[in-house]
Amino acid sequence: MRYAMALTCAALMASPALATSKKEEDCTHQAAVAAAVQQARLDGVPQNRVAETITEGEVSWPDRYSNAIPIFAAQIYTIKKRDLRETDLRAEWMNTCMSN
């Protein structure tokens, strides 16, 4: 009986850690996409080719995250390049994502 209770308690305590881990993993992939779009913008890739250009190379995220490239691009391409050079979008997105 004690063993079963201990296992139940351990499982309940592990759940938030697993959720945090999954959230952190998700945010990390999203931040990598944001950083890739930022770099494409700085490299002068036209917005209508950004998804194709990024996915032609090697990416560090699962395929489904590539669907977010046009969404990120729509916002990132409105930022002036001089401002993008001074901003770490990966870190900013990670911070925003983890705090939500």
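**Close-up views of a predicted model**

**View 1. Lining of the largest pocket.** In this predicted model, the largest pocket is lined by Ala34, Ile71, Phe72, Gln75, Ile76, Ile79, Leu89, Glu92, Trp93 and Thr96. The pocket volume is about 170 Å³. By class, the lining residues are seven nonpolar, two polar and one charged.

**View 2. The largest nonpolar core.** This core has 18 residues. Val33, Val37, Val50, Ile54, Trp61, Ile69 and Tyr77 have the most contacts inside the core. At least two core residues come from each of α1 (2-42), α2 (50-56) and α3. Helix α1 supplies the largest share, six residues. In soluble globular proteins, nonpolar side chains tend to be buried together.

**View 3. Surroundings of Val50.** Residues up to four places away in sequence are left out here. Val50 then touches Val37, Ala40, Val45, Ile69, Ala73 and Tyr77. Val50, Val37, Ile69 and Tyr77 are among the residues with the most contacts inside the largest nonpolar core.

**View 4. The disulfide of Cys27 and Cys97.** The structure holds one disulfide. The sulfur atoms of Cys27 and Cys97 lie 2.0 Å apart. The link is left-handed, with -75 degrees about the S-S bond. Cys27 lies in helix α1 and Cys97 in helix α5, so the pair ties together parts that are 70 residues apart in sequence.

**View 5. Burial of the two cysteines.** The cut-off for buried is under 20% relative accessible area. Cys27 has 0% relative accessibility, so Cys27 counts as buried. Cys97, at 11%, also counts as buried.

Conventions
Residues numbered from 1 in each chain as written. Predicted model: local features only at pLDDT ≥ 70, side-chain atom pairs only at ≥ 80, totals over all residues. Heavy atoms only, no water. 1 Å grid on protein atoms, 1.4 Å probe; cavity = no way out; pocket = protein on both sides within 12 Å on 5 of 7 lines; lining within 4 Å. Points joined across faces, edges and corners; volume = space filled by probe spheres on them. Nonpolar A, V, L, I, M, F, W, Y, C, P; charged D, E, K, R; others polar. Core = buried A, V, L, I, M, F, W, Y, C linked by side-chain atoms within 4.5 Å. Buried < 20%, exposed > 50% of the residue type's maximum accessible area, 1.4 Å probe, protein only. Helix = DSSP H or I, 4+ residues; strand = E, 2+ residues; numbered from the N terminus. Contact = heavy atoms within 4.5 Å. Disulfide = S-S within 2.5 Å.
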